[in-house]
Amino acid sequence: MSHGRARTNDRAVAALAAAAMLLFAACQGESEKKQGSVLRFSGSALGAEGTLVARQLARFARLNPDVRVELQRTPDDATQRHQLYVQWLNAQAGSPDILQLDVVWTAEFAAAGWILPLNRFSPPIADFFPATVTANTWAGKLYALPWFADVGLLYRRTDLVPNEPTSLEALATEARAAMARPGGPHYGIVWQGARYEGLITTFSEYLGAFGGRILDERGQVVVNRPEAVRALTFMRDQLYGSRIAPLDVLTWHEEESRFAFQNGNAVFMRNWPYAVEQMSDSASSRVAGKFAVSPMPAAAGGHSTASLGGAQLAINAYSGSPAAAYRLIAYLTAPEQMIERAQGVGQYPTRSALYSDPRLRAVRAIPVDQAKRAIESATPRPVTPIYTEMSEILQIELHRALVRQAEPQEALNSAAKRIEALIERTGMRKLTTRAGS
Amino acid sequence: MKSEARLGWMLVAPAIGVIALIAIFPLGWTVWESLHVHELRMPWLGKPFIGLDNYLEIARDPRFWGALGHTAFFTVVSISIELILGLFLALAMNRAFRGRGFVRAAVLVPWAIPTVVAALLWRFMFESEAGIANALLVDAGILHKPIVWFIQAATAWVPVILADVWKTTPFVALLLLAGLQNIDLTLYEAAAVDGANQWWQLRHVTLPLLKPAILVTLIFRTLDGFRVFDLIYVLTGGGPGTSTEPVALYTFNALLQNLRFGYGSALSVVIFAITFGLALLYMKGLGVNLGGDER
């Protein structure tokens, strides 16, 4: 599940453009179907992103005259695309050949046998950020190549807090000091606290900062350990103790947080990289030129942690032409295409070497050094086939603790108990031992 | 006579076939699904027959019982308010006054707005600290400072119930108005001659004769209330935590979010059984024949 990026203003135009492109693709496909195999690529195809993908696909087709490439449009909304994929793959449909997966789906699709392991194509694993590889590895095999990365960032007002906070505790102190200044913002920090996937990404960063995890290496549930309780208590204290976070965040998603920060109402904000570009425009943003990003700081006993998002490309296990499909994936994840993507739509490359490329440094939407540091400190959410249901349990229990329906320890105990029951019910233990052997 | 009966059966056969196809077959299929493990996202589990295990899981799931409680709470509270307000509205509209036709049409406007749109409107009013609900209540001195409505169960219910009452009272009023118009005016004249005042007329003439209309309204509204989904989905998403989650939302979640077809089907069967039972109970309990022939 990805975070919602409201581009409501562009929606109509984007839909039109995508429809036109589809029509174009469909006509082409119709006239030249007899020429060799048809490769169907599916993924987000809205607006500038859609135009970019279409351009890259067309270029690939010119370089590979033996294959025809078609763009199969799928919903931009991650949940809807997931549902569609699951329906198709249950029916063992061979099309689309290439799937665009959200970072938390790879294990699920791999365990279901719906996507192919890529190791036999010897992908250049070492070139990608380790966290992006871990997120796509199931039972020791790589199942998808990271296409672009999304990473949780701490935004701060440089006119109020010139330097990066060195720890979470320091962040709280600095937030309070800035709020107390005459005319200072009402809110110290804003994040995503509504009951949805975004809450897990926020929590994961605090969890890592305090040295906690959701599952350990052996897949045991450790989300009710003292570190986790400290992390959740710290978040709750921001709401009711130090009161640097407004209670409103408990109903907020990415966009509400951005509005608050962009209007100058907050000292700090936790958000994804997309906000950089939007808030740099002085016509609509009161904080243009007055903010900077950095990785989330650590607390005592943990390390700086960023949640990892982004998209991966995988091959449909029922595809008729897996080799050609891999060629296309390799092409789209090659350095040139990643740079073009960063320039066109500001999405972060997943290859670490590109962060010293001058062309990437020229992209306004990407603060290269901070972005690189954040991705290096990124931790994937638990890589497990039952992630979605596990996340739902956590969303509910975390939210209960944050709205004070339950104490942190009590809520996390309940989460741990229910996740263990989920692992039991879904036969995960058997599955992992079988896959591991 | 026999051939006539056969002809009769033949004539209704297509209708019965259609009913079987669109009502009985899906219901049977759902029951059959509910006896299996069938998780679309976990093909490694296969599709084994597990008897009543899904139903046992439901019975042991506190989230289900919570959802059932929320649904019952929502249904009872919102329908009680709607019935009382609707009755007043119906009595008012039943009087002769200028522009009556216009008023009768105008009250239906909230009901004509799609639920999702209405729910969004109500969410905007209650959502932020600067929302209109907070502004009005602070201005009126009822609240000291703006509150965040959706982070406490008690306050999260307020917009939910208000939105439902606002939207559905006109529908209730119209149903009751239809009932009122069926009452013979001479009964009131006779009551007046016997010295009954307005209150007595309401209690002993209007309400008893309105019983069929009230029953129809109750059945409609209870069944609607028990299946409430879109309103809460948009307004609170079932939160905070799961404290406003109704059974339909829980079922949607199991069936369409988690793609647990077996368990979700079992939940659907349970909802069906409850609403069906309620409908039967109403018919018996209120002692009214819906056909109205006996009168």
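1. In this predicted model, helix α12 (residues 247–257) of chain B packs against α13(B) at an angle of about 160°, and their axes are 8 Å apart. Axes here are lines fitted to C-alpha atoms, for helices over the stretch in contact, and angles run from 0 to 180 degrees between N-to-C directions. The two helices α12(B) and α13(B) are therefore roughly antiparallel to each other, given that angles under 35 degrees count as roughly parallel, over 145 as roughly antiparallel, 65 to 115 as roughly perpendicular and the rest as oblique. Helices (H or I, at least four residues) and strands (E, at least two) are DSSP runs, numbered from the N terminus.

2. The crossing of α12(B) with α13(B) is left-handed; a crossing has that name if the near helix is turned anticlockwise from the far one by less than a right angle, and is right-handed if clockwise. On the α12(B) side the residues that meet α13(B) are B:Val247, B:Ala248, B:Tyr250, B:Thr251, B:Ala254 and B:Leu255, and their counterparts in α13(B) are B:Phe261, B:Tyr263, B:Gly264, B:Leu267, B:Ser268 and B:Ile271. Two residues are in contact if their C-beta atoms, placed from the backbone, lie within 7 Å. By class, this contact has nine nonpolar, three polar and no charged residues, where Ala, Val, Leu, Ile, Met, Phe, Trp, Tyr, Cys and Pro count as nonpolar, Asp, Glu, Lys and Arg as charged, and the others, Gly among them, as polar.

3. Helix α13 (residues 261–285) of chain B also packs with helix α10 (residues 198–226) of chain B, at an angle of about 165° and with the axes 10 Å apart. These helices, α10(B) and α13(B), are therefore roughly antiparallel to each other, and their crossing is right-handed. From α10(B) the contact takes B:Leu215, B:Leu218, B:Ile219, B:Thr222, B:Leu223 and B:Phe226, and from α13(B) it takes B:Ile271, B:Ile274, B:Thr275, B:Leu278, B:Ala279 and B:Tyr282. The residues of this contact divide into 10 nonpolar, two polar and no charged.

4. As a whole, chain B has 13 helices and zero strands, and its C-alpha atoms fill a box of roughly 80 × 75 × 30 Å, taken along the principal axes. One backbone detail deserves a look: the peptide bond from B:Gly239 to B:Pro240 is cis, with omega near 0°, and B:Pro240 is found in the loop between α11 (230–235) and α12 of chain B.

5. Chain A, by contrast, contains 17 helices and 12 strands. Its radius of gyration is 22 Å, close to the 22 Å that the globule rule gives for 437 residues, so chain A is as compact as a globular protein of that length; the radius is taken over C-alpha atoms, and the rule is 2.2 Å times the number of residues to the power 0.38. The C-alpha atoms of chain A fill a box of roughly 70 × 55 × 35 Å along the principal axes.

6. Within chain A, an open sheet of four strands has the order β8-β9-β7-β10, with mixed pairing, two strands being paired if DSSP finds at least two bridges between them. The edge strands, each pairing on one side only, are β8 (187–190) and β10 (291–294) of chain A, and neighbouring strands are turned by 15° against each other on average, direction ignored. Strand β7 (residues 153–157) of chain A runs antiparallel to β10(A) and is joined to it by four bridges; A:Tyr155 has A:Val293 of β10(A) as its bridge partner. Helix α9 (residues 254–262) of chain A lies across β7, β8 and β9 (266–271) of chain A, running at about 155° to β9(A).

7. Two local backbone features of chain A may also be checked. The peptide bond from A:Ser95 to A:Pro96 is cis, with omega near -5°, and A:Pro96 lies in the loop between α3 and β3 (98–102) of chain A. Phi of A:Ala139 is near 50°, a positive value in a residue other than glycine, and A:Ala139 is found in the loop between β4 (137–138) and β5 (141–142) of chain A.

8. The contact between the chains takes 21 residues from chain A and 20 residues from chain B. On the chain A side, α3 (78–90), α4 (106–111) and α15 (387–402) are the elements that give two or more residues, and α15(A) gives the most, with five residues. That side divides into eight nonpolar, eight polar and five charged residues.

9. On conventions, residues are numbered from 1 along each chain as its sequence is written, while chains are lettered from A and ligands numbered from 1 in the order in which they are written. Because the model is predicted, local features need pLDDT of at least 70 and side-chain atom pairs count only at pLDDT 80 or more, whereas totals for chains, interfaces and linings use all residues.
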